[in-house]
Amino acid sequence: MFNSNGVEEATLFDFDVFRKKFKKNLEMLIRNIMVNIVEHGDAVWIRIAWGKRHSPPNQQRASFAVYYPQTPYVFMANLAAQFRVYVSQALVVATEHDMLKELDLRGHCLYSLRDIAFKRFNPALCVHHRKPLQQLNSSQDSAQDERISVEHLREKEEAKRLTTAAFGEGSLPTLEVVHYRLQTAFRDERNTETLSDRNKPFRCVAKFSSPNVLESLRALPELGIADVPISTMFSSIPEKGKNYFKITDKRTAGHNSSAP
């Protein structure tokens, strides 16, 4: 994602100017490369093959970047860390922005990443957190003589309703992984003395993977695997525009606080 200091007037995108600036700047920074830039729909697709000192550009291991003009977003794939700085600088120069900032958003489906970044997924996902949870509670009480099967059906329908309120009704963007890096202090209300004097926080990584993680998470309550309402740590992923999170304590420094 591009960052720009100050307010700039909107200008029309000139593909030829962008292409010449990008290629010229990149070829000044690194030699022995092959760059192809084409317009495809409302995006600019960039393909870069990297060569070595005594070998031609390797077409089998090319890097890709997709830039959407008039937006601050560019998506990259197969770009080695050693070349990232060169591509970033060439993009900054060609787009006339000040810097390139990386988002904690990764996946294999370009259009899902684009929709999340552009907030063009199901509009219900953008506003569902503004509804108080109390508004989702049902006021109907089941009769005491209701059969168990009917009670289970009612609970299933209630779970579906709450899940729909959290994730929306439409199809969700495709993300293959959700990654949480936790760095928090130990807390247990039942055993307050156990490890309560530990100064260093606990560290662990929780990773959820699936061909479509968001759809899988949405299906859990209806299957009876997860309670409702489902945690906003999951349902707010599209709204926050990222799928890599670092969770730390917000406590002030002192007793049982996390390390800086």
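What share of the 260 residues of the protein count as buried? In this predicted model, where local features need pLDDT of at least 70, side-chain atom pairs count only at pLDDT 80 or more, and totals for chains, interfaces and linings use all residues, the share is 35%, with buried meaning under 20% relative accessible area for a 1.4 Å probe and protein chains only. Residues are numbered from 1 along each chain as its sequence is written, and side-chain values use heavy atoms, with hydrogens and water left out.

**Overall make-up**
- The secondary structure comprises eight helices and nine strands, taken as DSSP runs (helices H or I, at least four residues; strands E, at least two) and numbered from the N terminus.
- Where contacts (heavy atoms within 4.5 Å) link residues at least 6 apart in sequence, 65% of them join residues at least 24 apart.

**Helix α3**
- Because seven of the nine residues of helix α3 (residues 110-118) are buried, this helix is largely enclosed by the rest of the structure.
- Its buried residues include Leu 110, Arg 114 and Phe 118, and their cover includes β3 (43-50), β4 (63-67), β5 (74-77) and α8 (237-240).
- Just after α3, Lys 119 takes a positive phi of about 60°.

**The three-stranded sheet**
- An open sheet of mixed pairing has the strand order β8-β7-β9, two strands being paired if DSSP finds at least two bridges between them.
- β8 (202-209) and β9 (244-248) stand at the edges with a single partner strand each, so one side of each is left without a neighbour in the sheet.
- Strand β7 (residues 177-184) pairs with β8 in the antiparallel sense over eight bridges, and Arg 181 stands opposite Val 205 in β8.

Methods. Buried means under 20% relative accessible area, exposed over 50%, partly exposed in between (1.4 Å probe, protein chains only).
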